[in-house]
Amino acid sequence: MVFRMEERVSGMRRLQNPYAPGIHILGAQLSPRSDWLSAPRIFVAGKGLSEAEGMVRLLGEAAERDAIQMRRGDHECALM
C-alpha cells in the first residue's frame, strides 16, 4: 500500500538543515482522488537518516492521510 502512494505525491521537495546535516527531510503534496468528497490541499512530510528512509515515512504519512478522507459511498454514523 505504501509504495503505491509514490505515484500519488507530487511537488517533491528535499529540505536540508545546516545544523543537522545527517537528517534527510522530504515534503510533497498528496494528489486528490476522484472519489474524495472534497479535494483539500494535503501536504505530507517524512524525515530519516537516509533519503530512502525519509521517502518511506513520507509515503506512510500519505497513505494515512489518504485513508481518512471521506469518499463517495462512505456512511457517517456516531461511534457511540
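Visitor: Are R8 and D66 buried or exposed?

Guide: Both R8 and D66 are buried, where buried means under 20% relative accessible area, exposed means over 50%, and partly exposed lies in between, using a 1.4 Å probe and protein chains only. Keep in mind that this is a predicted model, in which local features need pLDDT of at least 70, side-chain atom pairs count only at pLDDT 80 or more, and totals for chains, interfaces and linings use all residues. Residues are numbered from 1 along each chain as its sequence is written, and side-chain values use heavy atoms, with hydrogens and water left out.

Visitor: What do the side chains of R8 and D66 meet in?

Guide: They meet in a salt bridge, at 3.4 Å from N to O, a salt bridge being a side-chain nitrogen of Lys or Arg within 4 Å of a carboxyl oxygen of Asp or Glu. The pair links distant parts of the chain, since R8 sits in the segment before β1 (9-15) while D66 belongs to helix α1 (residues 51-67), 58 residues apart. Helices (H or I, at least four residues) and strands (E, at least two) are DSSP runs, numbered from the N terminus.

Visitor: How many salt bridges does a search of the whole structure find?

Guide: The search finds 4. Among them, E51 and R14 meet through their side chains at 2.6 Å, N to O, and because E51 lies in helix α1 and R14 in strand β1, this pair ties together parts that are 37 residues apart in sequence. E51 counts as partly exposed at 34% relative accessibility, whereas R14, at 52%, counts as exposed.

Visitor: And which residue forms a salt bridge with E53?

Guide: That is R57, with the closest N and O atoms 3.1 Å apart. Both residues lie in helix α1, 4 residues apart, which is about one turn of the helix. E53 counts as partly exposed at 29% relative accessibility, and R57 is partly exposed as well, with a relative accessible area of 47%.

Visitor: Changing topic, in what order do the strands form the sheet?

Guide: The 3 strands form an open sheet in the order β1-β2-β3, with antiparallel pairing, and two strands pair if DSSP finds at least two bridges between them. β1 and β3 stand at the edges with a single partner strand each, so one side of each is left without a neighbour in the sheet. From one strand to the next, the twist averages 20°.

Visitor: How many bridges join β2 to β3?

Guide: There are 7 bridges between β2 and β3, and L30 stands opposite I42 in β3. β1 and β2 pair over 5 bridges; on that side L15 stands opposite I25 in β2, and S10 has Q29 as its bridge partner in β2.

Visitor: Where does α1 lie?

Guide: α1 lies across β1, β2 and β3, running at about 145° to β3; axes are lines fitted to C-alpha atoms, for helices over the stretch in contact, and angles run from 0 to 180 degrees between N-to-C directions.

Visitor: Which residues touch the most other members of the largest nonpolar core?

Guide: Of its 13 residues, they are M5, V9, L30, V44, L58, L59 and A62, a nonpolar core being a set of buried Ala, Val, Leu, Ile, Met, Phe, Trp, Tyr and Cys residues joined through side-chain atoms within 4.5 Å. The elements giving two or more residues are β2 (24-30), β3 (42-48) and α1, and α1 gives the most, with 5 residues.

Definitions and conventions:
Contact = heavy atoms within 4.5 Å.
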